[in-house]
Amino acid sequence: MEQNTSLQQQLLDAGVHFGHLKKKWNPKMLPYIFAEKKGIHIIDLNKTVDGLQESAAALKQIAKSGKKIMFVATKKQAKDIVADCAKKVNMPFATERWLGGMLTNFNTVRKSVKKMQSIDKLLADTNAESLTKKERLTLSRDKDKMDKVLGGIATMGRLPAALFIVDIGNEHIALSEAKRLGITTFGMVDTNCDPNKVDFAIPSNDDATKSIAIITNYITAAIAEGLAERQAAKDDDDEEIDNEAEKKAARLQAEAEAEGNGASRGGRGQGGNNGGAAKRRVPGGASRRPQQGPAKK
């Protein structure tokens, strides 16, 4: 309870509770509105805490399972914050511009990413003396343009399992693509948006920099915790595999030594028996040699 109270105080200090003007509100946000003050809706921070903790728990499990979570925020006051948080947990992000079909036409987007990577590799090759100065300049400009839009998804080899969106109204194209593909969506929802459009809604101020920062950092911390648990579980599995391998190796060595000892004992016993048999045959054979009869006259 004290932790929730502390979190509520932090959210209050960051201005998370400030919504939009009453005339711009979405009626579906009524359950999340606490009051109205000077024509501005005030968001219920109790609902914000519940939505934030529920979203963080779900994202933690997704990260723990090894799946990717894509951060989406193209608003000026949000792009730097979201990009930094996504880089901390090595997750893909789109903060400059959402390309239409980034998810629904993912194969084509991947071709553009590969083209960008090939240009980067070509420019990094110091032996590429065949390129003129003008060609290098043109390639550099093309690479910078593509990197600005596609740099955040350069390492994303497959579709993400979830999207975390700042301002679902502004990122409606990304939201519709995710919904079409069945991708789980998480979003900061202000009083002018429909919270039913996302699977996990976090009622909050999506315009203030401090509000965006505190929500995004909380989500990032949960994802980092999930990744840490995944790594710990992987280390435990590797250690268990190593222990099993050591036990197996020791068992095989013991079996090999046991077989070697048995073979040496058997060889010694067999040699002794042959020697005894030889000793018994020689005199016995001589005594049983038939006597020659008297010579015929």
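Analyst: The elements that each supply at least two residues of the lining of the largest pocket are α1 (2–13), β3 (40–43) and α2 (45–64), where helices (H or I, at least four residues) and strands (E, at least two) are DSSP runs numbered from the N terminus. A pocket here is an open set of points, on a 1 Å grid over the protein atoms alone, where a 1.4 Å probe fits and protein lies on both sides within 12 Å along at least five of seven lines, and a lining residue has an atom within 4 Å of a point. The model is a predicted one, in which local features need pLDDT of at least 70 and side-chain atom pairs count only at pLDDT 80 or more, while totals for chains, interfaces and linings use all residues. Residues are numbered from 1 along each chain as its sequence is written, and side-chain values use heavy atoms, with hydrogens and water left out.

The helix α1 gives the largest share of the lining, four residues. In total 10 residues line the largest pocket, and those nearest its centre are Q8, L12, I43, D44 and L45. By type, the lining divides into five nonpolar residues, four polar ones and one charged, with Ala, Val, Leu, Ile, Met, Phe, Trp, Tyr, Cys and Pro taken as nonpolar, Asp, Glu, Lys and Arg as charged, and the others, Gly among them, as polar. The space in the pocket is about 150 Å³, a volume filled by probe spheres set on the grid points, which are joined across faces, edges and corners.

I43 is one of the residues touched by T48, and T48 itself has its place in helix α2. T48 is buried, with a relative accessible area of 0%; buried means under 20%, exposed over 50%, and partly exposed in between, with a 1.4 Å probe and protein chains only. Leaving out residues up to four places away in sequence, T48 also touches L11, V16, I202 and P203, a contact being heavy atoms within 4.5 Å. D44, in turn, is among the residues touched by I33, which sits in strand β2 and counts as buried at 16% relative accessibility. Beyond four places in sequence, I33 also touches W25, H41, I42 and T191. The C-alpha atoms of I33 and L45, which are 12 residues apart along the chain, are separated by 9.0 Å. In the loop between β2 (33–37) and β3 lies K38, which is exposed at 80% relative accessibility and has a positive phi, near 55 degrees, in a residue other than glycine. Most residues other than glycine have a negative phi.

Past the end of α2, the loop between α2 and β4 holds K68, which is partly exposed, with a relative accessible area of 24%. Among the residues that K68 touches beyond four places in sequence are N90, M91 and P92, and the C-alpha atoms of K68 and P92, 24 residues apart along the chain, are separated by 7.5 Å. N90 lies in the loop between α3 and β5 (93–94) and counts as exposed at 53% relative accessibility.

As a setting for this part, the protein has seven helices and eight strands, and 37% of its 297 residues count as buried. Of the contacts with a separation of 6 or more, 64% are between residues 24 or more positions apart.
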